[in-house]
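Here is a short report on one protein model. It looks at an annotated site and then at the nonpolar cores.

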Amino acid sequence: MLDSLALLLEKTFLLAHFNFFSTASPKPERCAKRREEGTYYFQRGDLLEVPRTLFTHFGIYLGDNKVAHLMPDILPVLTSNKSQIQKVVTNKRLLLGVIYKYASIRVDTVEDFAYGSPILLNTMDTTLRRQPLAAEDVARRAEKLIGHIPYSLLWNNCEHFVTYCRYGTAVSLQTEQFCESLKSVIRDQRSVLLTTVIGMLSMFFLGIAPSTALPTFIIPFILWMAG
């Protein structure tokens, strides 16, 4: 049962973080360079961006190969064992943290943060067209926030965390693009027809009941009025 729930939520979570929601326009990529000994070359206060397959993750570099980043995580709710909590967050831990709306601003190594993906460096400076705060102020803001915080997929995620630290204002381009896409769906009157057809089919196969009849009429009506 838990595996099925986790799979369903994973699809929902990834849908809400599709890369085409991440930015309004293409942005220049500035990939991190490596030193000869194999470690990344960053400066304290840098904003690190990791493009994943379907979403983008963000963090603030603190120095000494450490990154502060916001991660949904259910494990701190279930145990106080710090050694277990500090292990790399698995998909199940993350997804259940999203459901429970519980997250941690935690510190991991650059390698654990990147999870095998390339790292982009300070690209949001250009995307947001904002002057970042002093590097030491950025890092100190991140360090002060380390610990457990409430989580919201759209209103308090890892992008809100890093933009607050680096620019002084919490924003999320992924959230903005998701909301714009949602508006487009609502404004498309074909959505009304589609939800009506789905509702009628549910009544046909499941029978007429409040659980099937009410959504069949209410959802298309709301979409119609909002469109």
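In which helix is Cys158 found? Cys158 lies in helix H8 (residues 158–167); helices (H or I, at least four residues) and strands (E, at least two) are DSSP runs, numbered from the N terminus.

This is a predicted model: local features need pLDDT of at least 70, side-chain atom pairs count only at pLDDT 80 or more, and totals for chains, interfaces and linings use all residues. Residues are numbered from 1 along each chain as its sequence is written, and side-chain values use heavy atoms, leaving out hydrogens and water.

**The annotated site.** An unreviewed UniProt entry gives Cys158 the annotation "active site"; such annotations may be inferred rather than shown by experiment. Cys158 is buried, at 8% relative accessible area (buried means under 20%, with a 1.4 Å probe and protein chains only). Beyond neighbours within four places in sequence, Cys158 contacts (heavy atoms within 4.5 Å) Thr56, His57, Phe58 and Leu70.

**The cores.** A nonpolar core is a set of buried Ala, Val, Leu, Ile, Met, Phe, Trp, Tyr and Cys residues joined through side-chain atoms within 4.5 Å.

| Core | Size | Members include |
|---|---|---|
| Largest | 27 residues | Leu47, Ile60, Leu70, Met124, Ala142, Phe161 |
| Second, separate | 10 residues | Phe42, Val50, Val110, Ile119 |

Leu47 touches, among others, Phe58, Ile60, Met124 and Val162.

**The whole chain.** The protein has 11 helices and 6 strands. Of its 227 residues, 41% count as buried. Among contacts with a separation of 6 or more, 68% join residues 24 or more positions apart.

Conventions. Buried means under 20% relative accessible area, exposed over 50%, partly exposed in between (1.4 Å probe, protein chains only).
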